[in-house]
Amino acid sequence: STESLLPPPNTPRVPLLDLRPLGEFVEHYNCPVEQLVLDGTAVGKGKLWKNKIVAVLDTGLTGCLVTPNLWEALLDEGLDPRRAKRFTVQLQSTSPNT
C-alpha cells in the first residue's frame, strides 16, 4: 500500500491475549469478550460466568464453538444455543491512551 494501514491515533483497539502461558499450545488471536447476546438476550459478565471468556478468532472456522461450562450456564438461564438464530459477541475495546 502507498498509504499507512495503521488506524488514526486515539482509535479504540481490541486487546489481544496470549493464552500460551495458560496451557494453550498454539498461538491464536484471542481477545476478551465483554458480552454475549443470544437472540436479543444480553448475557453479561458476572451473570453466567465467573472467569473471563475469550473469543478465539479463527479464519478457518465458520460458526461458533462454546465450552461445555458456558453451554450449561446458558441452558440454566433458559437460553438454548441449539435453537439460537443469532449469537453476537461484543468484544472489549480500549483507548490507546489507557
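Here is a walk through the structure, from the overall layout to a few individual residues.

Keep in mind that this is a predicted model. The protein's average pLDDT is 81, and 89% of the residues reach at least 70. If we go element by element, strand β4 (residues 87-91) comes out with the highest mean pLDDT, 87, while strand β2 (residues 41-44) has the lowest, 78. As a rule, places where pLDDT is low should not be read in detail.

Now for the parts list. There are four strands and one helix in the protein, and along the sequence they come in the order β-β-β-α-β. Of the 98 residues, 19% are buried. The protein exposes about 7800 Å², with carbon and sulfur atoms supplying 53% of that area. Take the contacts between residues at least 6 apart in sequence: 62% of them join residues at least 24 apart.

Let's stop at V33, which lies in β1. Is V33 buried or exposed? Its relative accessible area is 4%, so it is buried, since the cut-off for that is under 20%. Setting aside neighbours within four places in sequence, V33 is in contact with I53, V54, A55, V89, Q90, L91 and Q92. As for V14, it sits 19 residues from V33 along the chain, and the C-alpha atoms of the two are separated by 9.9 Å.

Next comes helix α1 (residues 68-76), where L70, A73 and L74 are buried. These residues lie on the same side of α1, because they cover an arc of only 100° around the axis. Turn to the other side of α1 and you find P68 and D76, which are exposed. Just after the helix, G78 takes a positive phi of about 80°.

What makes up the largest nonpolar core? It has 10 residues in all: C31, V33, L36, L38, V43, I53, A55, L70, L74 and L79. In soluble globular proteins, nonpolar side chains tend to be buried together. I53 is a handy member to click on: apart from residues up to four places away in sequence, it touches C31, P32, V33 and L70.

Finally, a look at two backbone angles. Most residues other than glycine have a negative phi. N10 is not a glycine, yet its phi is positive, at about 65°; you'll find N10 in the segment before β1. D39, also a residue other than glycine, has a positive phi near 50°. D39 belongs to the loop between β1 and β2. With a relative accessible area of 41%, D39 is partly exposed.

How values were computed
Residues numbered from 1 in each chain as written. Heavy atoms only, no water. pLDDT = per-residue confidence, 0-100. Helix = DSSP H or I, 4+ residues; strand = E, 2+ residues; numbered from the N terminus. Buried < 20%, exposed > 50% of the residue type's maximum accessible area, 1.4 Å probe, protein only. Contact = heavy atoms within 4.5 Å. Areas by Shrake-Rupley, 256 points an atom, 1.4 Å probe, with all protein chains shown as cover. Arc of directions from axis to C-beta. Core = buried A, V, L, I, M, F, W, Y, C linked by side-chain atoms within 4.5 Å.
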